[in-house]
Structure formats: structure tokens, C-alpha cells
Amino acid sequence: MGVCVAGATFTSCSQSETESSEDPIKNYSVERFADIEVLRYQLPGFNELTLQQKEYIYYLSQATNAGRDITWDQFGKYNIKIRTILEAIYTCEAVDKNSEDFKAMSTYLKRVWFSNGIYHHYANDKFKAEFSKEFLKAAAEKAGVAELIDEEIEKVIFDDTYLAKKVNKDAEADVVLTSAGNFYEGVTQAEVEALYKPLEAACTNECPSYGLNSKVIKADGKVTEQKYTANGLYGAAIKQIIYWLDKARSVAENEKQKEVISTLIEYYETGDLTTFDKYAVQWVQETDGDVDFVNGFTEVYDDPLGRKGTWEGVTNYKDKVATKRTETISANAQWFEDNSPVDPKFRKPQVRGIVAKVICATMLGGGTAPSTAIGINLPNANWIRAEYGSKSVTISNITDAYDKAARGNGFNAEFIADAKIREGLEKYGQLYDDLHTDLHECLGHGSGRLNEGVTASSLGIYHSAIEEARADLFGLYYMADQKLVDLGITPNATAYESYYYRYIMNGAMTQLTRIELGNNIEEAHMQDRALIANWCLKNAPEVVSLVKIDDKTYVEVKDFKALRQLFGKLLFEIQRITSEGDIKAAQELIETYAVKVDTDIHEEILNRISKLSIAPYKGFVNPLIKPVYDASGKIVDFEVTYNEMFDEQMLRYSKEFGFLK
Ligand code: ZN
């Protein structure tokens with residue numbers, strides 16, 4: 001759930017006809033520090049929205065920011081206090097800005113801002129403070145925040161072994177006691193399980209997501225929940241969220257949106273999880289408006305028990321041009337199914353394509369900021385998904401920003417020897433990235449049928465990677481089809497070639513930059529790509545192979561049409577495995593092609609990428625949206641600017657939206 005995306009690299013809003021010819025952003029890269037690069041993203045087509053839509057977006061965006069501190073506190077109970085101390089020092093004129101200690105503290109603070117707390121946003125490990133305790137104390141004195149530093153705070157910042165990991169998923173340990181996230185206090189894993197297991201056992205259908213919106217504590221020897229509500233835990237921030245949601249409701253695009261917001265407000269006020277489900281059902285059914293949002297306790301990855309929802313917010317509007325493309329693909333879903341290169345008995349007689357909506361984000365907040373996903377797939381409750389479906393969206397202005405920021409970073413020059421392929425990617429790379437995601441999401445996952453008695457779990461732990469490979473192959477196979485040229489989606493019969501090249505290169509080589517030397521490939525999408533690339537390389541060296549030029553390894557594709565047939569052939573087999581639930585064959589494929597890494601290649605790739613100084617992790621500053629007033633104080637427009645620096649934005653957010661202590 002959460003996110004499912006096809007490509008390793010990125011797609012864009014730039015096919016949008018509404019994009020103005022002049023890009024308002026001169027430089028997509030804002031800042032680099034540690035293992036992070038901060039980028040900007042733009043709002044293409046924002047000016048063409050109506051004043052009412054802009055106002056709606058503005059209020060929803062404020063509601064997105066209003067919950068920021070909730071996420072900070074969920075990610076560690078000392079996060080906000082530490083932020084307050086460090087921000088005071090960072091902005092204090094009396095503190096020497098040239099000392100090594102100050103520089104080290106600044107980098108630490110930027111990492112903390114980026115991760116909404118003192119733990120790495122991806123690795124979950126606590127950041128190492130590379131400034132001295134003495135510096136911190138003296139600087140805090142000057143900045144007037146010395147009283148906030150007690151022994152506990154010192155230990156949290158400087159003792160690397162204390163509260164060392166935000167989320168510990170080691171099954172051997174008590175994951176509640178050993179995780180530093182702030183979802184539990186004073187309780188053991190067994191006590192938490194004892195709290196929820198009976199509730200779940202007693203529920204037969206339409207079960208609420210027990211525990212989603214609360215902290216579990218022990219009070220007077222009793223294990224109990226502190227609910228996140230307007231009058232409960234995080235009430236000060238939740239009241240602000242409600243304030244902005246209420247304003248948004250008054251300018252919503254339609255009655256359904258008003259109903260959605262009313263139910264969400266009711267949920268924030270009561271904490272009732274049945275109301276939350278009611279809201280989720282209304283939300284998934286509201287598809288008429290151009291503007292949409294996510295606001296609430298959503299993904300559960302930050303809880304070692306996978307139960308507590310991290311607060312997040314996203315405000316967005318529809319990318320109309322890109323959505324037209326996914327509508328065209330979905331309208332032809334049956335043709336794609338009937339012509340797919342799988343055994344006819346595994347085709348679906350009646351297939352319905354999903355219209356993957358493509359959106360432009362206007363504000364990312366809480367758990368989705370500054371680091372964000374490039375797609376959203378909600379709600380998470382399985383019974384709602386089964387009964388009412390889900391909204392699956394790709395965020396095109398985010399993928400566009402990744403792509404623009406990556407230009408000229410030397411990556412293609414380093415890893416692609418053939419200039420024609422590089423030119424092809426310059427010209428069509430984004431289009432095919434988009435298209436691959438669309439085909440993967442709109443058709444790939446929904447294609448094919450299972451034999452009687454076979455379910456998703458028939459493939460056990462191999463299911464995810466096999467399923468991703470199936471959807472990827474479906475997209476790869478069809479992006480080269482004349483049908484797409486006829487539908488006006490692709491420009492000509494050969495433009496796909498550079499994307500094919502890069503797909504193999506990524507799957508066999510460059511995606512390894514995200515793995516440490518000596519480790520296996522574990523993540524399902526990465527396994528999927530490795531499986532496809534390595535299977536083609538091993539089984540058809542006459543079609544595609546790795547070659548050495550000046551001691552560097554490159555991909556060479558000798559026959560693109562034959563490569564397409566190879567994708568079809570592998571899809572044929574993977575569909576068979578899926579339809580028959582052939583777990584042995586799935587295991588064989590994954591273990592042969594998708595897990596182990598060729599150490600020589602891995603070492604070479606890591607070596608080559610390290611010379612390019614490309615940050616492993618990226619995130620974003622939000623655009624600044626401001627109301628424009630006339631002389632009488634009436635809002636007449638909204639202005640978007642893109643000049644804010646990372647530290648400016650973080651400091652402003654702490655000031656304007658710092659609702660918790
Ligand atoms: Zn997928």
C-alpha cells in the first residue's frame with residue numbers, strides 16, 4: 001500500500017500544455033548537506049485555476065502545515081524541544097557562526113529538519129552530534145534557551161547508544177521497548193498486543209484500524225490509549241488543522257468535498273475510528289473535483305507494530321493533460337488485455353482499467369515532507385479498498401523536479417556510452433517514465449487472472465517482487481506497441497528504445513548505488529527490476545549484454561525489437577507463475593536473478609557514482625503561496641513564489657505552525 005511506482009527514475013508535468021514556456025524556477029537544487037539534496041518543485045497550471053480553487057488550495061495547504069509538529073512529536077518525544085534549542089542557537093547573532101562546532105551543529109539541525117526529528121528519515125538511526133557538549137551549553141546560554149537543556153536532553157543528543165533507533169523491527173527484541181518513536185510509553189510489546197488482539201478477534205467485518213490514532217501509555221498500572229483528538233493528545237495542533245479545514249470547506253468545489261471535510265473534522269474532534277472509515281469511504285468516492293488532499297494519521301511504517309498512523313498532509317490539484325493520457329489508456333484496457341503476450345487462458349475476459357490520476361502537489365507536510373513519495377495509493381484499510389476501491393495517484397510536479405534537478409549531474413554521461421541513447425533520454429525520457437508508471441498502475445497490476453484456489457498469498461514472500469515484475473513487464477511490452485502511436489500517446493515507433501536501454505542499465509547496474517557493498521537486494525521493486533534485467537542479460541546475450549569500454553561496464557542493446565519480445569516471453573512465464581501460484585518457480589526466478597549482487601559490478605558502480613557527488617536522498621522545500629488582497633482587504637488572487645531557502649522555510653514553519661511543545 002502507500003506507494004507503488006514503476007520506474008526507478010522520474011516522470012513529469014512537462015508534457016503539460018498548461019506549463020508556461022518560462023520556467024519560474026531557475027535552479028531546482030536548493031542545497032546539499034550530509035547525504036541529502038533539497039530541491040524545489042513548481043506548480044504548473046496553478047495560475048489557470050479559478051480564484052475559488054486557489055483559495056481552497058490555500059486553506060488546505062495551511063491545514064497541511066498545521067499538523068507538522070504532530071509528526072515531529074510522533075517521531076521522538078524530545079524532537080520539538082531539541083529543534084527549539086538548535087533553532088534558537090542557529091538564529092542567535094551572539095553565537096560565532098564561523099566555529100567548527102557551529103558548522104557541525106548547523107548540518108545536524110538541517111538533518112533534523114529534513115527528518116522531522118533526530119532520526120534518519122530512511123535508515124531510522126539517530127544522528128551523531130559532531131559538535132561538543134560545551135559548545136551547545138555555551139551557545140544555548142547566549143541564545144536564551146539554556147534552561148531547556150537538562151541531563152536527559154544531553155543524553156539524547158550525545159549518547160549514541162541511548163534511544164538509538166526510531167523503529168526497531170528486529171523480531172528477536174521487544175520492538176516496542178527498543179524503538180525510540182513516541183507511539184508507546186512505559187508499555188511492553190506484549191501489553192500493546194494484549195490491548196488490541198481481543199478487539200481484532202471480536203471484529204468480523206468492516207473492522208476499524210484499531211490503534212491508528214493514539215499513543216499507548218501506562219497510567220496507574222493500567223495500559224491505556226491517549227487519543228489524538230481536538231481535546232486530547234496533540235489537541236493544540238489538531239484545533240489548528242480543524243480551523244483551516246473549516247475555512248477550506250466554505251470554498252470547496254462541490255458538496256461531496258464539503259461532506260468529506262465535515263466528516264474529517266468530526267473524526268478529529270471525536271477520534272472515533274468508525275468516523276475515520278466513513279471519511280475514507282467518502283474521500284475515495286469524491287472524484288469530481290480538481291483539488292484533493294490527504295490530511296491525517298495515515299501510513300503505519302514508523303510504528304514497529306505497523307498500527308500507529310504517522311500524521312501526514314498533501315494538498316494537490318489534477319494535472320489535466322497527464323490525466324487525459326491515463327484515461328485514454330484505461331479506455332483501451334480490454335484491447336491491451338486481449339493482445340497481451342500471456343497464455344490466453346490467463347487473460348481476463350473482462351478487464352477494467354484504473355484511471356490513474358496524475359496530480360501536482362501544492363503542499364507537502366508531516367510525514368510526507370521534506371522527503372516525499374512520487375505516488376499515493378489510499379486509503380489503507382483493506383475492506384474499504386475491496387469494497388470501494390482506492391485512489392492511486394502519481395505526483396507529476398515532484399517527478400518533474402527530480403528529473404530537472406538531475407540534468408547535468410553527469411549521471412548519463414558516466415553510465416551511457418552511446419550518445420544516441422543519451423539524446424533519446426533527453427528528448428523522451430520523461431514521457432516514457434510517465435507512460436511506464438501509467439501502464440504499470442492502470443493496466444499491469446489489474447491484468448491477468450488467477451486459477452481457482454490461487455490467491456495473492458500463494459507466492460508467499462515472493463509475491464511482491466513477482467507482482468511488481470508482472471506490472472513492469474506489462475508496461476515495458478506495451479510502451480513499444482504501435483497501438484500507443486496510433487492512440488497519439490507515443491511520438492513514433494522507435495522512441496521507446498532509450499528507455500529500454502536505461503531500464504536494463506538500472507536493473508542490472510545503477511540501482512545498485514542504493515545498496516551497500518556486500519548486501520543483497522531486498523526491496524520488492526528493486527528485485528523486480530534486477531529480475532527483468534538479469535534474466536534478459538543471461539538468457540539472450542545476442543540481444544542485450546554488458547560490455548567493457550576502457551575498463552568501464554556498459555549495457556549494449558543489439559536488437560530492441562527482440563528485447564521487446566524477451567519482455568513478452570518473461571511476462572508469459574511470470575503470468576503463468578502468478579495464475580498457477582507456482583511458488584517453486586517464483587523462488588527459482590527471484591533467487592537466481594533478483595537477490596544476489598555481482599560484487600565486481602557493484603564495486604565498480606559505487607566507485608563511479610561516488611565521483612559524481614549525487615546525494616542518495618532528496619526532498620523538497622514547498623512553494624510559498626500567499627493571498628493577494630485589494631484595498632478593502634478582500635482576497636483577489638494568490639501569488640506563488642519559489643525563492644525560499646531550506647532553512648528559511650523550516651524556521652518559518654516552526655514559528656507559524658509550532659503548535660506543540
Ligand atoms: Zn506496482
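Trainee: Which residue does Cys203 form a disulfide with?

Mentor: Cys203 pairs up with Cys207, and their sulfur atoms sit 2.2 Å apart. Keep in mind that this is a predicted model.

Trainee: Why does that pair count as a disulfide?

Mentor: Because the cut-off for two cysteine sulfur atoms is within 2.5 Å, and this pair has its sulfurs 2.2 Å apart.

Trainee: How many disulfides does the count come to?

Mentor: The count comes to one disulfide.

Trainee: And is the link of Cys203 and Cys207 left-handed or right-handed?

Mentor: Left-handed, with -110° about the S-S bond.

Trainee: What about Cys203, buried or exposed?

Mentor: Cys203 counts as buried, because its relative accessibility is 17% and the cut-off for buried is under 20%.

Trainee: And what does Cys207 count as?

Mentor: Cys207 has a relative accessible area of 22%, so it is partly exposed.

Trainee: What about Cys360 and Cys442, buried or exposed?

Mentor: Cys360 is buried, at 2% relative accessibility. Cys442 is buried too, at 2% relative accessibility.

Trainee: OK, helices now. How do helix 3 and helix 4 cross?

Mentor: Helix 3 covers residues 79-90 and helix 4 covers residues 100-115; their axes come within 10 Å and cross at roughly 135°. That angle makes helix 3 oblique to helix 4. The crossing of these two helices is left-handed.

Trainee: Which residues make the contact?

Mentor: From helix 3 you have Arg83, Leu86, Glu87, Ile89 and Tyr90. From helix 4 come Phe102, Met105, Ser106, Tyr108, Leu109, Lys110 and Trp113.

Trainee: How do the residues of that contact of helix 3 with helix 4 divide?

Mentor: Eight are nonpolar, one is polar and three are charged.

Trainee: Let's switch to helix 5 and helix 6. At what angle do their axes cross?

Mentor: At roughly 130°, with the axes coming within 11 Å. Helix 5 is residues 133-143 and helix 6 is residues 151-158. So helix 5 is oblique to helix 6.

Trainee: Is that crossing of helix 5 and helix 6 left-handed or right-handed?

Mentor: Right-handed.

Trainee: Which residues are in the contact there?

Mentor: Helix 5 brings Lys133, Leu136 and Lys137, while helix 6 brings Glu154, Ile157 and Phe158. The residues of this contact split into three nonpolar, no polar and three charged.

How values were computed: Residues numbered from 1 in each chain as written. Predicted model: local features only at pLDDT ≥ 70, side-chain atom pairs only at ≥ 80, totals over all residues. Heavy atoms only, no water. Axes fitted to C-alpha atoms, helices over the stretch in contact; angles between N-to-C directions. Helix = DSSP H or I, 4+ residues; strand = E, 2+ residues; numbered from the N terminus. Parallel < 35°, antiparallel > 145°, perpendicular 65-115°, else oblique. Left-handed = near helix turned anticlockwise from the far one by under 90°. Contact = heavy atoms within 4.5 Å. Nonpolar A, V, L, I, M, F, W, Y, C, P; charged D, E, K, R; others polar. Buried < 20%, exposed > 50% of the residue type's maximum accessible area, 1.4 Å probe, protein only.
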